Amino acid sequence: MKKLKGLILSASLLLAVLFLSGCELIVFDSAGPMAQIITDVINWSLVWIGLIVVVVLALFIVFVWKYRARPDNEDYMPPQEEGNKVIEVIWTLIPIVIVVILLVPTVKSLYALEEVPAEYADQEPLVIHVTSADWKWIFSYPEENIETINYVTIPTERPVIFKLTSAGTMQSFWIPQLAGQKYTMANMETELPIVAEREGEYFGRNTSFNGEGDQEMEFSVEAVSQEDFDAWVEEVHAHAPELTEEEYYEKLQPSHLGRETYVGTHLQWINHAEH
């Protein structure tokens, strides 16, 4: 009996710790529709996982208590059973139903994450090329003729299309509060649409191991109003230095850099998605 109570207490504490720790994760603090889609799928999965855990623990406790060894059944020998087809069909169907329940919304969400949300589809998206390198993130604005390192400024309430590639090893681009992660790979390009619905500074990082500098390969996303974004573009053109080809190739060498801003982009010399 004491062992059973200890097991129940341990399981309860484990569930409480998992729940409370999950409440503090920034992935649950969605700042845009793409991140909200992911959060909804996570919450849907957690509800069913929690239900499964509760049912399994309840059945475990009932069976342990009901069929425990007692003084009055020490000599009991259960009869030989041939099997029960009804029960066997039920316990085969239950996992299939669970998989379907989790699979359908997940697949629908994967397709939704590849498209600009319908409520923003009529707006002209801001296109930003993202190039990963050891150990830094390079953001190129072809229309604005601006390049930044380790930070990116975007307007709120407007779709942004990140065109992802890599100048070296494969890495993973992730902004937990705005979108899911997507890989960056040399000689190819993938797209990640996002929309920031509230102003703020959001954390982003590389989630793939790519050497000793991996842990510090982070960047920030500054979501501002469209007016502030336009003012930022003007300020960059008024005060930032010109990016040179020689300087760009120096920055591609393995190193850690701070936040940097330039007029001009490396796309005029090389597009790592095409070479």
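Because its relative accessibility is 17%, K182 counts as buried, the term buried denoting under 20% relative accessible area, exposed over 50% and partly exposed the range in between (1.4 Å probe, protein chains only). The structure is a predicted model, in which local features need pLDDT of at least 70 and side-chain atom pairs count only at pLDDT 80 or more, whereas totals for chains, interfaces and linings use all residues. Residues are numbered from 1 along each chain as its sequence is written, and side-chain values use heavy atoms, with hydrogens and water left out.

K182 forms a salt bridge with E114, with 2.9 Å between the closest N and O atoms; a salt bridge is defined as a side-chain nitrogen of Lys or Arg within 4 Å of a carboxyl oxygen of Asp or Glu. This pair links distant parts of the chain, since K182 lies in strand β7 (residues 182-184) and E114 in the loop between α3 (85-112) and β1 (126-133), 68 residues apart. Helices (H or I, at least four residues) and strands (E, at least two) are DSSP runs numbered from the N terminus. With a relative accessible area of 44%, E114 is partly exposed.

The count of salt bridges comes to eight. In another of them, the side chains of R259 and E222 meet at 2.7 Å, N to O. R259 counts as partly exposed because its relative accessibility is 47%. E260 is paired with K251, the closest N and O atoms being 2.7 Å apart. Here E260 is buried at 18% relative accessible area, and K251 is buried at 11%. A network of salt bridges links K163, E189 and E191.

Aromatic pairs number 13, the rings of Phe, Tyr and Trp (its six-membered ring) being paired if their centres lie within 6.5 Å, with planes under 30 degrees apart counted as stacked, over 60 as edge-to-face and the rest as tilted. Y141 and F229 form a tilted pair, 6.4 Å centre to centre with 35 degrees between the planes. The pair links distant parts of the chain, Y141 being in strand β2 (residues 136-141) and F229 in helix α4, 88 residues apart. Both Y141 and F229 are buried. Ring pairs also link W137, F139, F162, F173 and F219 into a cluster.

Helix α4 (residues 226-239) also contains D230, which is partly exposed at 35% relative accessibility.
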